[in-house]
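Visitor: Could you show me how to read a structure like this, one feature at a time?

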Amino acid sequence: MRRKFLVALGSAAMALSLAACSGEGAGSGGDTSGEKPANLTIGVAMPTQTSERWIADGKAVKEKLEAKGYKVDLQYAGDDIPTQSQQVDQMITQGADVLIIAAIDGTALSGQLQAAADAKIPVIAYDRLIRGSKNVDFYVSFDNYKVGVAQATALLVGLGLQNKDGSRGSATGPFNVELFAGSLDDNNTQYFFGGAMDTLKPFLDNGSLRVKSGQTRIEQAATLRWQQETAQKRMEDLLTSSYADGTQVHGVLAPYDGISRGIITALQNVGYGQGKKKLPVVTGQDAEVASIKLINDGVQSSTVFKDLRLLAEQAVLAAEAYLKDQQPQANDTKTYDNGVKVVPAHLLPIQTVYKDNIKTVLIDSGYYTAEEVAAGQTKK
């Protein structure tokens with residue numbers, strides 16, 4: 001997906017002593033601060049290759065680390081928890097010096113993290129917070145609550161209830177909307193849905209929005225493993241159970257572009273987007289190129305762009321800090337409680353993408369080319 005990941009990495013993280021590493025922080029049990037990069041290995045565990053974004057993440061982190069001279073052990077787990085557990089075990093036994101982990105299930109790696117701590121291997125949680133363990137040293141991500149706020153705001157803007165500048169829109173409703181959430185085993189899901197629901201609540205309370213299915217709890221809206229097919233099936237079921245009387249869906253809160261595409265397919269299969277039956281406003285996340293084409297074509301309404309180049313850059317800075325016996329620079333030390341400890345985090349900004357700013361946000365920045373947006377796929 002990515003071609004232009006060689007963005008300048010910026011200055012090194014602040015040099016603060018890390019108690020957790022205490023002069024020994026390496027898989028070999030020794031001080032790595034004087035080691036050459038070529039002698040050091042970073043294990044990178046990614047959840048799946050079924051999502052465009054995780055392929056991009058893995059490639060970006062690997063390329064940036066290798067550009068610095070480090071050896072990289074990149075593994076994808078195929079959305080299978082035991083596979084990821086085995087991969088992390090193997091990274092530890094083979095002497096990784098730092099682990100960067102995007103967990104499939106944020107509660108399933110406690111044993112591996114304890115083994116990493118015993119071997120003095122720092123652990124960086126990548127985009128998905130790992131829960132239930134004291135052995136998570138750092139977290140790199142985006143402001144996930146704001147992602148939810150941005151998705152809900154984009155839904156309101158698409159319906160005309162609110163303008164992009166935050167002012168009240170001219171529409172009054174009521175509008176029929178349905179709610180989708182991510183996978184419950186991903187800690188980010190709670191933040192996305194919480195931010196969205198806090199934003200939508202006033203409009204639900206005053207009747208401008210109504211969820212005709214009545215499915216407003218996160219457990220009802222959740223989509224296991226963020227799967228497109230699962231989202232499509234749920235949308236089909238909602239249409240059958242709640243809209244068979246001819247009532248139309250006006251908007252769908254979708255937390256991820258793959259889910260968005262599943263929802264859109266279900267809607268198109270029953271005639272939405274044909275004649276006078278307009279497609280509902282459908283939100284998204286991750287700015288996957290297939291969805292950017294849909295936005296450009298007027299099919300999907302919006303997505304939330306999280307620049308994976310910056311996330312990969314931050315993961316590399318954090319890894320380098322640990323390898324130099326330093327502490328990565330956090331900009332949030334209060335929000336991300338994993339149930340055992342508050343994990344220091346570095347959070348990155350987000351942007352909402354509509355049709356009218358695809359060029360400025362994605363093309364002009366080099367994230368995609370105009371040809372890739374038009375085709376809906378990236379050049380290999």
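**Starting from one residue**

Guide: Leaving aside neighbours within four places in sequence, Thr-189 is in contact with Ala-181, Gly-182, Ser-183, Leu-184, Ile-218 and Trp-226, where contact means heavy atoms within 4.5 Å. Keep in mind that this is a predicted model, in which local features need pLDDT of at least 70 and side-chain atom pairs count only at pLDDT 80 or more, while totals for chains, interfaces and linings use all residues. Residues are numbered from 1 along each chain as its sequence is written, and side-chain values use heavy atoms, with hydrogens and water left out.

Visitor: In which helix is Thr-189 found, and does this residue count as buried or exposed?

Guide: Thr-189 is found in helix α5, helices (H or I, at least four residues) and strands (E, at least two) being DSSP runs numbered from the N terminus. Thr-189 counts as buried because its relative accessibility is 1%; buried means under 20% relative accessible area, exposed over 50%, and partly exposed in between, with a 1.4 Å probe and protein chains only. The side chain of Thr-189 also reaches the backbone oxygen of Ser-183, at 2.7 Å.

Visitor: How are the side chains of a strand arranged, and which residues of β6 lie on each side?

Guide: In a regular strand the side chains alternate between the two faces of the sheet. In β6, Phe-175, Val-177 and Leu-179 are on one side, with Asn-176 and Glu-178 on the other, and all of these are buried, which leaves both faces of the strand covered.

Visitor: In what order do the strands of the open sheet come?

Guide: The open sheet has four strands in the order β7-β6-β8-β9, with parallel pairing, and two strands pair if DSSP finds at least two bridges between them. β7 and β9 (281-282) stand at the edges, each with a single partner strand, so one side of each is left without a neighbour in the sheet. Two bridges join β6 to β7 (residues 209-210), and there Phe-175 stands opposite Leu-209. Three bridges join β6 to β8 (residues 251-253), with Leu-179 partnered by Leu-253. Two bridges link β8 with β9, where the partner of Gly-251 is Val-281.

Visitor: How is empty space found, and how many cavities of 30 Å³ or more are counted?

Guide: Rolling a probe the size of a water molecule over the atoms shows where empty space is left. Here the count comes to two cavities of 30 Å³ or more. On a 1 Å grid over the protein atoms alone, a cavity is a set of points where a 1.4 Å probe fits but cannot get out, and lining residues have an atom within 4 Å of a point. The largest cavity has a volume of about 50 Å³, a volume being the space filled by probe spheres set on the points, which are joined across faces, edges and corners. Its lining includes Thr-189, Phe-192, Phe-193 and Leu-253, and α5 gives the largest share, four residues.

Visitor: Which peptide bond is cis, and which residues have a positive phi although they are not glycines?

Guide: The bond from Gly-173 to Pro-174 is cis, with omega near 0°, and Pro-174 has its place in the loop between α4 (144-159) and β6. Asp-286 has a positive phi of about 100°, and Ala-287 one of about 50°. Asp-286 is in the loop between β9 and α9 (289-296), and Ala-287 lies in the loop between β9 and α9 too. Asp-286 counts as buried at 7% relative accessibility, as does Ala-287 at 0%.

Key: Polar contact = N/O pair within 3.5 Å; in protein donor to acceptor, adjacent residues only side chain to side chain. 1 Å grid on protein atoms, 1.4 Å probe; cavity = no way out; pocket = protein on both sides within 12 Å on 5 of 7 lines; lining within 4 Å.
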